[in-house]
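This briefing is meant for someone meeting the structure for the first time. Please look over the sequence and the model before reading on.

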Amino acid sequence: MELPAPLRQGVDSLLENVPLPALKQAARTLSERYRAELRDGRLHMGEDMAVKAYLATRLPATYAAVRAGLDALIEARPDFRPASLLDVGAGPGTMLWATTDAWPELERAVLVEASAAVRRIGQALAEGAITARADWIAGDATIDLDGIMPADLVSAAYVLDEIVPLSLPSLIDRLWRLTVDTLLIVEPGTPAGWQRILAARRQLIAAGAHVSAPCPHAAPCPLAPPDWCHFARRVARSRLHRLVKEAEVPWEDEKFIYLAASRQPAPAHSARVIAPPKGGSGKVVLKLCQPDGSAGERLFSKRDGELFKAARRADWGDTLG
């Protein structure tokens, strides 16, 4: 999955004259902070160079993950047509770009972001390219949501991992109260990210939410550590990305986990592929999370007819049935 052309062109323009050594150092620092899930009171992207390092090395991957979550929501709720978006912890506007790509008719968006450097660059990227009215608000996700109007779609992408764990339940509660229809949460596809999603899932179901995706059921998650639920999207690396990361491989796999919780139930739920398919001659094995709340591997062969053909086409994260 690639960035929308106007976004890619805007990013290329912003990075055109940035010295490579400075970009490399900023990217290393940013990566170390994200990997360590540091919560030391400092913003990960408090300065322009950190934001530019994010644009060069992380934006394509986070965009792919966010867009995958939206695609799953569209599949589960084809009737959903959000007119408004509230994105908390908006970064440079990744969710805004993905949402307007999914629903070009989006009318308005409110983006809450603590970093002035990120807001400035996000606004510059969106100016003249995004048709929805976008209001950028300076604010911390945990304390600055008072007075904000509810929205059809509320989102928090790669945000929960930056919040002190004790503050997460109150944040989830606030986000749900601001949600007119659907709340989308995206987290890194790590065991810790999965646990944060599970906690949010339990809280939202208890509050009356319907899980639209990825889970095909509202039962407790059937997976147990050391296993965990996550998905992946392969993202092409630009030349600059490879130079900054000193990477030889022209692609990377972004692993992520997400949750779409809605006030309206999905019309129907299908089993979801929760691991890379394992193929063979005339057969394929899929690990499926089932609508009955179970999960496990299932073998499909030519004897399964059309279902076998569907299983052969299915990829990690897809629905089947």
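Arg-234 is partly exposed, with a relative accessible area of 48%, where buried means under 20% relative accessible area, exposed over 50%, and partly exposed in between (1.4 Å probe, protein chains only). This is a predicted model, in which local features need pLDDT of at least 70 and side-chain atom pairs count only at pLDDT 80 or more, while totals for chains, interfaces and linings use all residues. Residues are numbered from 1 along each chain as its sequence is written, and side-chain values use heavy atoms, with hydrogens and water left out.

**Salt bridges**

- The whole structure holds 18 salt bridges, a salt bridge being a side-chain nitrogen of Lys or Arg within 4 Å of a carboxyl oxygen of Asp or Glu.
- Arg-234 and Asp-253 meet through their side chains in a salt bridge at 2.9 Å, N to O. Arg-234 lies in strand β7 and Asp-253 in strand β8, so the pair ties together parts that are 19 residues apart in sequence; helices (H or I, at least four residues) and strands (E, at least two) are DSSP runs, numbered from the N terminus.
- Asp-253, at 36% relative accessibility, counts as partly exposed.
- Arg-177 forms a salt bridge with Asp-173, with the closest N and O atoms 3.0 Å apart, and these residues, 4 apart in helix α7, are separated by about one helical turn.
- Asp-79 and Arg-77 form a salt bridge whose closest N and O atoms are 3.2 Å apart; Asp-79 is exposed at 52% relative accessibility, whereas Arg-77 is buried at 2%.

- Arg-272, found in strand β9 (residues 271-273), is buried yet has no salt bridge, and the nearest side chain of opposite charge, Glu-75, is 4.5 Å away; Lys and Arg count as positive and Asp and Glu as negative, while His and the chain ends are not counted.
- The side chain of Arg-272 reaches the backbone oxygen of Pro-214 at 2.6 Å, and a polar atom of that side chain lies 2.8 Å from the backbone oxygen of Gly-317.

**Backbone features**

- Most residues other than glycine have a negative phi, and most peptide bonds are trans.
- The peptide bond from Ala-213 to Pro-214 is cis, with omega near 0 degrees, and the bond from Pro-225 to Pro-226 is cis, with omega near 10 degrees.
- Tyr-158 has a positive phi, near 55 degrees, and counts as buried at 11% relative accessibility.
- Glu-246 has a positive phi, near 50 degrees, and counts as exposed at 57% relative accessibility.

Terms used:
Polar contact = N/O pair within 3.5 Å; in protein donor to acceptor, adjacent residues only side chain to side chain.
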